[in-house]
Amino acid sequence: MLRELAKGGNTVTVAGCQAKVVSKTLPQGATLYAILKEEVSASEELLAMHQQSIRNALANTQQVFVTMIDKLKEMAAQARETAAGSTEGMKVIQHIV
């Protein structure tokens with residue numbers, strides 16, 4: 001811990017744990033250190049928010065694709081109906097002529 005503090009950084013990592021360091025030099029020349037454990041829950045909360053955002057985006061994208069496929073199915077059915085009507089019309093015209 002002392003080696004990490006001597007580096008003078010604003011964070012220290014000891015045994016895999018990261019902490020914020022605030023230091024103040026006292027008038028007698030000694031340095032006072034306040035070591036504050038960093039909140040892991042904030043990182044976990046951000047990760048959870050990120051994952052939820054991705055889930056929502058994927059769900060929305062999937063819904064758009066489902067809607068597009070439904071519209072394409074409708075268009076294909078209408079095209080088949082139009083083609084069938086055109087075929088019937090051609091038969092009637094050929095029968096008359």
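Among contacts in the protein chain with a separation of 6 or more, 9% join residues 24 or more positions apart. The model is predicted, and 4% of the 97 residues of the protein chain count as buried. The elements of the protein chain follow the order α-β-β-β-α from the N terminus. The radius of gyration is 35 Å, well over the 13 Å that the globule rule gives for 97 residues, so the protein chain is more spread out than a compact globule.

**Overall dimensions and surface**
- Along the principal axes, the C-alpha atoms of the protein chain occupy a box of roughly 115 × 20 × 20 Å.
- The protein chain has an accessible surface of about 8,600 Å², and carbon and sulfur atoms contribute 61% of that surface.

**Secondary structure**
- Two helices and three strands make up the elements of the protein chain.
- Strand 2 covers residues 17–25 and strand 3 covers residues 31–37.
- These two strands run antiparallel and are joined by seven bridges.
- Within this pairing, Ala19 faces Lys37 of strand 3.

**The hairpin**
- Five residues lie between strand 2 and strand 3 in their hairpin.
- Gly29 in this hairpin adopts a positive phi near 100 degrees.

**Charge**
- The protein chain carries 10 positive and 9 negative side chains.

Notes: Residues numbered from 1 in each chain as written. Predicted model: local features only at pLDDT ≥ 70, side-chain atom pairs only at ≥ 80, totals over all residues. Heavy atoms only, no water. Pairing = 2+ DSSP bridges. Helix = DSSP H or I, 4+ residues; strand = E, 2+ residues; numbered from the N terminus. Rg over C-alpha atoms; globule rule 2.2 N^0.38 Å. Buried < 20%, exposed > 50% of the residue type's maximum accessible area, 1.4 Å probe, protein only. Contact = heavy atoms within 4.5 Å. Areas by Shrake-Rupley, 256 points an atom, 1.4 Å probe, with all protein chains shown as cover. Lys, Arg positive; Asp, Glu negative; His and termini not counted. Charge placed at Lys NZ, Arg CZ, Asp CG, Glu CD.
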